[in-house]
Amino acid sequence: MFFHWLEKNPFFFASGISIVIAFAGLIEIVPNFAKAARPVVDLKPRTVLELAGKNVYIKDNCMSCHSQLIRPFKSETDRYGDYSLSGEYAFDRPFLWGSKRTGPDLHRVGNYRTTDWHENHMLNPAEIVPGSIMPAYKHQFTNLADIETAYAEAVTVKNAFHTPYGPEFKGTRAAWEAHKPKVLADAKAIADDMKNKDVKEAVARGEVPEIVALIAYLNSLK
């Protein structure tokens, strides 16, 4: 009887079908979406130095010209490597997918560029990539990265989003002072592969130029 009533009332019939389709879609899509958004195997949160580099990347607006999202097309995977998976971004806040490619995609740039290449490229892009319109970023060799704020960011996402940073990440001055040598050691490992004398001396003094943090971040993109 109810079915006959629906046949005589097309509005309610169409509404009922729409509700059933929407409910079935939610059951089918939501679990798969949630599964795909989980961290991929062996994914680790970024180090404090890499977070500082990511903040330099954001400050200098690199995402306006570079994406970090390789689409599943042969032309892209041939050039950049495996296509991107949503679980690879599980610990990234904010996401830096980008929507414009004046320059190449950088999601796996750490697989095929070196510290030495980035150092020379940021000083004089046109000399390394003939025809490049990218400006030089010489200020990154003298400006200092804010590694203390990057540490605070790591503590914040650990507490707010359960990002798996270790128990040593605490919101205290003592915890930061205890972790700082690890950040400086990471910075020294990058500076050792660079040629710029001023950068090496700054790291030796316990300072971290922006270019060191940025290269650490770019090297982590794999």
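Predicted model: local features only at pLDDT ≥ 70, side-chain atom pairs only at ≥ 80, totals over all residues.
Helices and strands here are DSSP runs, with helices (H or I) of at least four residues and strands (E) of at least two, numbered from the N terminus. UniProt lists residues 48-222 under "domain: Cytochrome c", in an unreviewed entry.

**Helix 3**

- Helix 3 has 12 residues, which at 1.5 Å a residue should span 16 Å, and this agrees with the 16 Å found between its end C-alpha atoms. The expected span is 1.5 Å times one less than the number of residues.
- Helix 3 is mostly covered, with nine of its 12 residues buried; these are Val-48, Leu-49, Glu-50, Leu-51, Ala-52, Gly-53, Lys-54, Val-56 and Tyr-57.
- The partners against which the buried residues of helix 3 pack are helix 7 (147-161), helix 8 (173-191) and helix 10.
- After helix 3 comes Asn-61, a residue with a positive phi, near 60 degrees.

**The contact between helix 3 and helix 10**

- Helix 3 (residues 48-59) packs against helix 10 (residues 210-220) at an angle of about 100 degrees, and the two axes are 7 Å apart. Helix 3 is therefore roughly perpendicular to helix 10, because angles of 65 to 115 degrees count as roughly perpendicular.
- On the side of helix 3, the contact is made by Leu-49, Glu-50, Ala-52, Gly-53, Lys-54, Val-56, Tyr-57 and Lys-59, while helix 10 contributes Glu-210, Ala-213, Leu-214, Ala-216, Tyr-217, Leu-218 and Ser-220.
- Sorted by class, the residues in the contact of helix 3 with helix 10 are nine nonpolar, two polar and four charged.

**Helix 10**

- The buried residues of helix 10 are Glu-210, Ile-211, Val-212, Ala-213, Leu-214, Ile-215, Ala-216, Tyr-217, Leu-218, Asn-219 and Ser-220, and what covers them includes helix 3, helix 5, helix 8 and helix 9 (197-204).

- Val-56 belongs to helix 3 and is buried, its relative accessible area being 4%. When residues up to four places away in sequence are not counted, Val-56 touches Gln-140, Glu-210 and Leu-214.
- The C-alpha atom of Val-56 is separated by 16 Å from that of Ser-67, and the two residues are 11 residues apart along the chain.
- Val-155 lies in helix 7 and counts as buried at 8% relative accessibility. Its contacts, leaving aside neighbours within four places in sequence, are with Phe-169, Lys-170 and Gly-171.
- Between Val-155 and Pro-167, which are 12 residues apart in sequence, the C-alpha to C-alpha distance is 9.9 Å.

**Loop residues and backbone geometry**

- Pro-94 sits in the loop between helix 4 (74-80) and helix 5 (115-123), and the peptide bond that leads from Arg-93 to Pro-94 is cis, with omega near 0 degrees.
- Asp-42, in the loop between helix 2 (10-36) and helix 3, has a positive phi of about 70 degrees although it is not a glycine. With a relative accessibility of 71%, Asp-42 counts as exposed.
- His-162, in the loop between helix 7 and helix 8, is not a glycine but has a positive phi of about 60 degrees. His-162 counts as exposed, at 68% relative accessibility.
- Thr-163 is likewise found in the loop between helix 7 and helix 8, but Thr-163 counts as buried, at 3% relative accessibility; the cut-offs are under 20% relative accessible area for buried and over 50% for exposed.
- Not counting residues up to four places away in sequence, Thr-163 touches Pro-45, Phe-91, Arg-93, Val-157 and Lys-158. Thr-163 and Leu-214 are 51 residues apart along the chain, and 22 Å separates their C-alpha atoms.

Note on methods. Residues numbered from 1 in each chain as written. Heavy atoms only, no water. Axes fitted to C-alpha atoms, helices over the stretch in contact; angles between N-to-C directions. Parallel < 35°, antiparallel > 145°, perpendicular 65-115°, else oblique. Contact = heavy atoms within 4.5 Å. Nonpolar A, V, L, I, M, F, W, Y, C, P; charged D, E, K, R; others polar. UniProt positions renumbered as here; feature names shortened; annotations may be inferred. Buried < 20%, exposed > 50% of the residue type's maximum accessible area, 1.4 Å probe, protein only.
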